[in-house]
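Here is a short tour of one protein chain, written to be read with the model open beside you. Please have your viewer ready before you start.

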Amino acid sequence: MNSNGIELCESTTDAVHPRFAKKPVYALGGMVFGLCVGFKIAIVQLAVGPDKTKNIANAVKEIHKAKEKGAQLIALPECFNSPYGTQYFNEYAEEVPSGATCRALSQAAAEAGVCVVGGTLPERCGPKLYNTCTVWDSAGKLLAKHRKVHLFDIDIPNKITFKESEVLSAGDQITTFEFQGVKIGLGICYDLRFPEMARLMADQGCSLLVYPGAFNMTTGPKHWELLGRARATDLQLWVALVSPARDTSAGYVAWGYSTLIDPWGSPVAKLDEKAGTLFADIDLSTIEEVRNQIPIRCQRRTDIYNTIQISK
Ligand SMILES: O=C(O)CCC(=O)C(=O)O
């Protein structure tokens, strides 16, 4: 309890920037008194086509443009070097980090002096293929690598049938990394549907979850934003959803609508279906604000969840 009678949740300070540690922000009457710490994110909704070299060059160009506009963390979409589809993954796949796409991302991050969440690419590792996100620091060093954990296998008759598992292998790791002392978690597209995975990343102290994803014209309008808002609301953190632009001539038509969602669960900025870049400030103090005002993190009844018997 602070001097204003506001209940403060002990566990809130471990999930935010270390500069907040032991310095909670007190929230009262909609005003926040405390430090404002954050960074500028650019969410780049790239147009992706069949020409891999062109896709990579376009990503590099957009990274430099975003840096010029002040972005500190730049996020690219799922499958940005290749059209999305199981028939393409083998042809476009590369080893990480020695392949041409990774080399271009590393160089762009270093030249621009920014952190790049490099969307995803089909990764070749021995006989296996993965859908993999790489993260590059401002010196061009590989900071993190996340292999999609939940493969996109669905069947909605007459709408969409997709079976990534026919060609891809699933990752088996939870991936987080640190950017300027802020912990960030990674998930890829279908991973967004699994709250358990997001909670593990939140429990590791993430303030932001970044999901490169390419939802489609059936599930996109129904679930893309809803799922992002659900993850942000449940876990009281920032969520960035990064899609490729919509191309109606492609075999798989991406929904677009890249969105940044705040810890209240509100979309604070979003694109439409066209190629473009969204710039926004991520204010980490909002995490404290929400967690202090709605302290669900220290109200969870794990004693019940972990022991209750389900009656038949
Ligand atoms: O979950 C969905 O509806 C779409 C997922 C997807 O497109 C993917 O995992 O690549």
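What share of the 312 residues of the chain count as buried? The answer is 52%, where buried means under 20% relative accessible area, exposed means over 50% and partly exposed lies in between, using a 1.4 Å probe and protein chains only. Before going further, please note that this is a predicted model, in which local features need pLDDT of at least 70, side-chain atom pairs count only at pLDDT 80 or more, and totals for chains, interfaces and linings use all residues. Residues are numbered from 1 along each chain as its sequence is written, and side-chain values use heavy atoms, with hydrogens and water left out.

**Overall layout**

The chain has seven helices and 17 strands; these are DSSP runs numbered from the N terminus, with helices (H or I) of at least four residues and strands (E) of at least two. Among contacts (heavy atoms within 4.5 Å) between residues at least 6 apart in sequence, 67% join residues at least 24 apart.

An unreviewed UniProt entry carries the annotation "domain: CN hydrolase" for residues 39-284; such annotations may be inferred rather than shown by experiment. Over residues 39-284 the chain is 26% helix and 31% strand, and the end C-alpha atoms are 8 Å apart.

**The cores**

In soluble globular proteins, nonpolar side chains tend to be buried together. A nonpolar core here is a set of buried Ala, Val, Leu, Ile, Met, Phe, Trp, Tyr and Cys residues joined through side-chain atoms within 4.5 Å. The largest one has 49 residues, and Ile41 and Leu208 have the most contacts inside it. Strand β14 (residues 238-242) gives this core its largest share, five residues. A second, separate core of 21 residues includes Ala66, Ala71, Ile74 and Leu76.

| Residue | Contacts include (within 4.5 Å) |
|---|---|
| Ile41 | Leu73, Leu208, Ala240, Leu260 |
| Leu186 | Val117, Cys133, Phe177, Met197 |
| Asn81 | Lys52, Asn55, Tyr92, Thr101 |

Leu186 sits in strand β12 (residues 182-186) and is buried, with a relative accessible area of 0%. From Leu186 to Lys52 the C-alpha distance is 24 Å, and the two are 134 residues apart in sequence.

Asn81 lies in the loop between β4 (73-75) and α2 (86-92), and Asn81 is buried too, with a relative accessible area of 0%. Its side chain makes a polar contact of 3.0 Å with the side chain of Thr101; that term means a pair of N or O atoms within 3.5 Å, where within protein one must be able to donate a hydrogen and the other to accept it, and residues adjacent in sequence count only if both atoms are side-chain atoms.

Helix α6 (residues 285-293) is mostly covered, with eight of its nine residues buried. Among them are Glu288, Glu289 and Arg291.

Conventions. Lists of a residue's contacts leave out its neighbours within four places in sequence.
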